There are 2 protein chains.
Amino acid sequence: MDDALAFSALVLALSGQLVQEIHTSVSQQGFQDLRPAHGFAFARISAGGATTADLAEHLGVTKQAAAQLVEELVRKGYVERHPHPHDARARLLGLTETGWAATRAADQAARAAVAPWREVLGEARFSELVADLTLLAPPGPIRPAW
Amino acid sequence: MDDALAFSALVLALSGQLVQEIHTSVSQQGFQDLRPAHGFAFARISAGGATTADLAEHLGVTKQAAAQLVEELVRKGYVERHPHPHDARARLLGLTETGWAATRAADQAARAAVAPWREVLGEARFSELVADLTLLAPPGPIRPAW
DNA sequence: ATAACTCGTCAATCCGCTTGTCTATTTGGA
DNA sequence: TCCAAATAGACAAGCGGATTGACGAGTTAT
């Protein structure tokens, strides 16, 4: 009956733990100047073709906030600004090698965080879980939400 | 193979959407002065026996931050402070009738957000999903995570 | 050509949270 | 029993990440 409420709590608990574990692991791998929110920026930038305005929309924040974030990531050496081929106003964002390294670290951390869960459920059941969640997942960007 | 990465993204996407939908719905039900983070406070306060310090620990923030949050919720009429029966320093927190109303609104919103998912998967599959997630869910408080 | 729009920036401000300090009270060990 | 240490909560200052607002430079549409 009240699966629904339980389900909400579970999803929230799980995502909280996931974010926490990934962040901790990425920190331990030497990227101590990155916080969870940065991951969402990396996700968009690594996809390519992003300008600051694109990033702002992806993150659901103002251009100014995105610009500040980009400035920080540039200063820390994770992101580069390139001239935009067709628009003299805009600048294309790209990850530096360090940025890619951080991305790989985060991916690995995510896999590590999920691994024990996979084991608890067993391979088959885990696959079903992923399949089910895929049906439910909204399209569009993944944003920090609160 | 890379179910793991997909799974992470799915959980994050789902929880983001969940938080967003609940917040929107609660707002529309007339509680426009509440934000997602408040829900986590309500969860602890409604359980009973909470002091500001307890709340701080539950939320994973400093006592001062919790005190500010409580002050805000008291001012807005959602929370009351009562004298603590055994400790003259402490004050017991409790929800006002308005606070309970907001809690019910959030619960209802959560159910409404989950309902379509339940429908997509079907009753049986949904139950399995909840069961699986229950196995994975960490114990302890649910906190805002980024 | 020009009006409307968009990219990125500068500036001011807001808000939630932190660190640091303090008093009142409780607790626990000599 | 007494006193030192720990705890609840309040006050104050400051920070970081976000907002709103205004602007020049460049682009697009009429």
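**Close-up 1. The largest nonpolar core of this predicted model has 77 residues.** Such a core is a set of buried Ala, Val, Leu, Ile, Met, Phe, Trp, Tyr and Cys residues joined through side-chain atoms within 4.5 Å. Buried means under 20% relative accessible area (1.4 Å probe, protein chains only). The residues with the most contacts inside the core are F7(A), L133(A), F7(B) and L133(B).

**Close-up 2. L133(B) touches residues of chain A.** Its contacts (heavy atoms within 4.5 Å) include F7(A), L10(A) and V11(A). L14(A) and L129(A) are also touched. Residues up to four places away in sequence are not counted.

**Close-up 3. DNA strand C is surrounded by 17 residues.** Each has a heavy atom within 4 Å of the strand. The closest are K63(A), R89(A), R91(A), T62(B) and Q64(B). This surface divides into 5 nonpolar, 6 polar and 6 charged residues. Asp, Glu, Lys and Arg count as charged.

**Close-up 4. Polar atoms of the protein approach DNA strand C.** Polar contacts here are pairs of N or O atoms within 3.5 Å. A side-chain atom of Q64(B) lies 2.6 Å from a base oxygen. For R89(B), the side-chain distance to a base oxygen is 3.1 Å. T52(A) uses a polar backbone atom, 3.3 Å from a phosphate oxygen. Helix 4 (63-75) of chain B is among the elements that give two or more residues to this surface. That helix gives the most, with 3 residues.

**Notes.** Residues are numbered from 1 along each chain as its sequence is written, and chains are lettered from A in the order in which they are written. Local features need pLDDT of at least 70, side-chain atom pairs count only at pLDDT 80 or more, totals use all residues, and hydrogens and water are left out of side-chain values.

Definitions and conventions:
Polar contact = N/O pair within 3.5 Å; in protein donor to acceptor, adjacent residues only side chain to side chain. Helix = DSSP H or I, 4+ residues; strand = E, 2+ residues; numbered from the N terminus. Buried < 20%, exposed > 50% of the residue type's maximum accessible area, 1.4 Å probe, protein only.
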